[in-house]
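Q: I'm new to this one. Can you show me the structure and walk me through how its parts pack?
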Amino acid sequence: MTVKNKPSLAFRKNHDEIYQGKIPSKYTRLVPYIKGNTILEVGAAEGVLSLLLAQTKGRVIGIERNEERYLEALRLQKAWKLQGKKVDNCQFFNVDIINNLNLLQDIDTFVAIRTMYYFKENMDKIFTNIAKRCKFIVLGGNKNRAIEYAKGNYIGNVAENNYYASSAGMTEIAIQYGYVLDHVISETSGEDPLVVGKKPIQKASTLPEYRLKDSLAPYLKKLNLISKESEIEVIHYKTIELTVDEVLRKSRNVIEECHIVFMGLYKQYGRNFDYKNTVYWKRFVDNGIDKKKIEEKINGFFDLYDSIRKDGFLMHKKNPVIVADLKGIMSDDFIEKKWRYHRCNGTHRLAIAKVLGIEKIPVLELIIQLN
Ligand SMILES: C[S@@+](CC[C@H](N)C(=O)[O-])C[C@H]1O[C@@H](n2cnc3c(N)ncnc32)[C@H](O)[C@@H]1O
């Protein structure tokens with residue numbers, strides 16, 4: 001899509017200086033916050049920040065859907081090149097990010113300055129893709145929009161999306177898509193707000209692929225289908241919906257007498273029942289777990305029940321219920337008599353779903369092959 005518009009005030013006011021390579025602090029103040037070697041800036045406008053980043057980064061992509069601004073960015077790139085600046089590693093595209101999410105491939109850092117409040121109904125699709133690929137996000141807001149929003153006034157034509165011009169709105173998005181906050185500058189600082197997020201480093205043992213292989217390998221080895229865990233290859237991930245009964249086919253008997261009975265008692269009596277007289281409690285005791293730890297676990301189980309009852313069974317972004325379809329891997333006999341979906345976590349959540357009468361749940365399916 002091509003939209004026509006005139007250059008931003010900051011660019012017009014400092015046009016000659018910018019062409020000579022003297023950059024206003026509006027742009028330079030952002031550079032120290034932008035980590036990573038490959039950067040994608042959306043809403044790159046006249047290209048000043050993207051070209052500035054190109055001086056020190058490996059590769060920069062600047063996306064701008066407004067044609068005039070994009071053309072201005074190309075002119076600036078040419079001018080800086082004539083001055084001997086490093087700009088060939090910066091590429092501009094006159095496109096809308098929503099139709100070009102593939103450009104996020106191999107990007108370390110997503111940057112959007114005074115831009116994300118325009119994403120509107122595309123916010124979720126854009127950030128879902130960013131969250132899958134980018135280690136860092138740098139979101140810049142607009143102090144005037146943010147301050148007016150807090151007073152109930154909406155500047156421009158983005159209505160309540162002005163919330164995303166504020167540090168609170170940008171923080172909410174960063175956290176919702178799995179980033180931890182590295183820096184937050186509020187609009188009350190007198191400058192434009194800024195939110196810098198980074199992906200937490202996940203321990204290998206909590207990664208879906210690791211968990212699935214670890215849980216499935218013993219079964220495959222026992223049936224002589226593999227000799228080493230590394231022979232299981234995960235080729236694809238997808239989110240699907242399955243019935244709770246289908247997902248519970250694996251280990252159903254144990255979960256039934258242990259977790260489901262326990263949650264049934266909670267449903268009936270609240271926290272007022274004798275936990276020590278349950279299989280759930282006894283199993284922990286038999287495994288040598290200390291009484292205080294068991295009580296902590298029980299309270300966590302109750303809290304989980306309350307939150308699923310209140311909000312429904314949601315797909316947990318960091319810790320989804322993970323399954324692999326064994327059709328074509330195990331024999332038809334195994335699938336008929338044992339289970340088709342090999343589940344490697346989520347016992348507590350499934351027991352709660354069963355007790356609450358939830359029929360279907362979202363799960364993360366790992367498509368596997370044996371090599
Ligand atoms: C307010 S300007 C900010 C420009 C620059 N980042 C700055 O801080 O001066 C927002 C820019 O984002 C661009 N933009 C908004 N949504 C976009 C999208 N979905 N894809 C590409 N560009 C977009 C607009 O055309 C506009 O030039």
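A: Let's start with a term. A crossing is left-handed if the near helix is turned anticlockwise from the far one by less than a right angle, and right-handed if clockwise. By that rule, α11 passes α15 in a right-handed crossing.

Q: What kind of model is this, and how are residues numbered?
A: This is a predicted model: local features need pLDDT of at least 70, side-chain atom pairs count only at pLDDT 80 or more, and totals for chains, interfaces and linings use all residues. Residues are numbered from 1 along each chain as its sequence is written.

Q: Which domains is the protein divided into?
A: Domain 1 covers 9–198 and domain 2 covers 204–370. The bounds come from an automatic or database domain assignment.

Q: What separates their centres?
A: The centres of domain 1 and domain 2, taken over C-alpha atoms, are 41 Å apart.

Q: Back to the helices. At what angle do α11 and α15 cross?
A: Roughly 55 degrees, for α11 (residues 252–269) and α15 (residues 347–356), and their axes come within 9 Å. Axes are lines fitted to C-alpha atoms, for helices over the stretch in contact, and angles run from 0 to 180 degrees between N-to-C directions. Helices (H or I, at least four residues) and strands (E, at least two) are DSSP runs, numbered from the N terminus.

Q: What do we call that arrangement of α11 and α15?
A: Oblique, therefore. Angles under 35 degrees count as roughly parallel, over 145 as roughly antiparallel, 65 to 115 as roughly perpendicular and the rest as oblique.

Q: Which residues in α11 and α15 meet?
A: From α11, Ile-255, His-259, Ile-260, Met-263, Gly-264 and Lys-267. From α15, Thr-347, His-348, Leu-350, Ala-351, Ile-352, Lys-354 and Val-355. Contact means that C-beta atoms, placed from the backbone, lie within 7 Å.

Q: How does the contact of α11 with α15 split by class?
A: Seven nonpolar, four polar and two charged residues. Ala, Val, Leu, Ile, Met, Phe, Trp, Tyr, Cys and Pro count as nonpolar, Asp, Glu, Lys and Arg as charged, and the others, Gly among them, as polar.

Q: How do α13 and α15 cross?
A: The axes of α13 (residues 291–311) and α15 come within 10 Å and cross at roughly 50 degrees. That makes α13 oblique to α15. Their crossing is right-handed.

Q: Which residues make that contact?
A: Phe-301, Leu-304, Tyr-305, Ile-308 and Arg-309 of α13, with His-348, Arg-349, Ile-352 and Leu-356 of α15. They divide into six nonpolar, one polar and two charged.

Q: New topic, sheets. What is the strand order in the sheet of seven strands?
A: β3-β2-β1-β4-β5-β7-β6, in an open sheet with mixed pairing. Strands pair if DSSP finds at least two bridges between them. The edge strands are β3 (90–93) and β6 (180–185). The twist averages 15 degrees from one strand to the next.

Q: Do β5 and β7 run parallel or antiparallel, and how many bridges join them?
A: Antiparallel, with five bridges joining β5 (residues 136–140) to β7 (residues 194–198). Gly-140 stands opposite Leu-194 in β7.

Q: And the sheet of four strands: what order?
A: β8-β11-β9-β10, open, with mixed pairing. β8 (232–243) and β10 (341–343) each have a single partner strand, so one side of each lacks a neighbour in the sheet.

Methods:
Contact = placed C-beta atoms within 7 Å.
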